[in-house]
Amino acid sequence: MTTSIWQLPIHDTNFPKAKGKWQLADAPVFDTAKPQTSSNFDVTAVLKGCKYPDRAAQFAAWLSSSKESLTALTDPASKSGLFPAVKDASPYVDKIIPTEVFNRKSDSAQVITAAASRVGEQWQCGPDYAAMYSEM
């Protein structure tokens, strides 16, 4: 099952019986010359027709860039389900990993940081990706 940083605290809640049975691993690399990873980051947008587009854009910028917002969004206790598109996720990785889910494996942060460094411009999920969530 592929996942992203922001989904990890949610797994802690959704799969309580599987705690300690998960192992983080890097996604398969199909082109070794240009390895890519999906980002699964959230994007905050201001839709056409918004009554206050300037205020909405200001809020979106704050949400994805302020230290206060990033601290709240990446707090595992909040289980926010939102992780902004930041260039460097490494300051947030250690605290967002639910250690009980991964049986306290110490290499989880390195796996995540390596994958984040290869986020590609194009990514296609497998044909059974949506069905996998129903099965889970």
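1. A89 is buried, because its relative accessibility is 5% (buried means under 20% relative accessible area, exposed over 50% and partly exposed in between, with a 1.4 Å probe and protein chains only). A89 sits in the loop between α3 (67-73) and α4 (90-96); helices are DSSP runs of H or I with at least four residues, strands are runs of E with at least two, and both are numbered from the N terminus.

2. On provenance: the model is predicted, local features need pLDDT of at least 70, side-chain atom pairs count only at pLDDT 80 or more, and totals for chains, interfaces and linings use all residues. Residues are numbered from 1 along each chain as its sequence is written, and side-chain values use heavy atoms, with hydrogens and water left out.

3. The protein chain contains six helices and zero strands, in the order α-α-α-α-α-α from the N terminus. Of its 136 residues, 29% are buried. The accessible surface is about 9,200 Å², and carbon and sulfur atoms account for 54% of that surface; areas come from the Shrake-Rupley method with a 1.4 Å probe, and for residues only the protein chains shown count as cover. Among contacts (heavy atoms within 4.5 Å) between residues at least 6 apart in sequence, 63% join residues at least 24 apart.

4. Helix α5 spans residues 108-116 and includes S108. Its buried residues are S108, A109, V111, I112 and A115. Viewed down the axis of α5, these residues fall within an arc of 160°, so they line one face of the helix; the arc is that of the directions from the helix axis to the C-beta atoms. An α-helix has 3.6 residues a turn, so residues three or four places apart point the same way. The cover over the buried residues of α5 includes α1 and α4.

5. S108 has a relative accessible area of 2% and is therefore buried. Apart from neighbours within four places in sequence, S108 is in contact with L24, I97 and F102.

6. The count of salt bridges is one, where a salt bridge is a side-chain nitrogen of Lys or Arg within 4 Å of a carboxyl oxygen of Asp or Glu. The side chains of K19 and E100 form it, at 3.8 Å from N to O. The pair links distant parts of the chain, 81 residues apart: K19 is in the loop between α1 (8-14) and α2 (53-65), and E100 is in the loop between α4 and α5. K19 is partly exposed at a relative accessible area of 33%, and E100 is partly exposed at 42% relative accessibility.

7. Two aromatic pairs are counted. One of them is F15 with W22, whose ring centres are 5.3 Å apart and whose planes are at 35°, so the pair is tilted. The rule takes rings of Phe, Tyr and Trp (its six-membered ring) with centres within 6.5 Å; planes under 30 degrees apart are stacked, over 60 edge-to-face, and the rest tilted. F15 is buried at 16% relative accessibility, and W22 is buried with a relative accessible area of 18%.

8. The charged end of R55 sits over the ring of Y52, 4.3 Å from the ring centre. The criterion is NZ of Lys or CZ of Arg within 6 Å of the ring centre and within 35 degrees of the ring normal.
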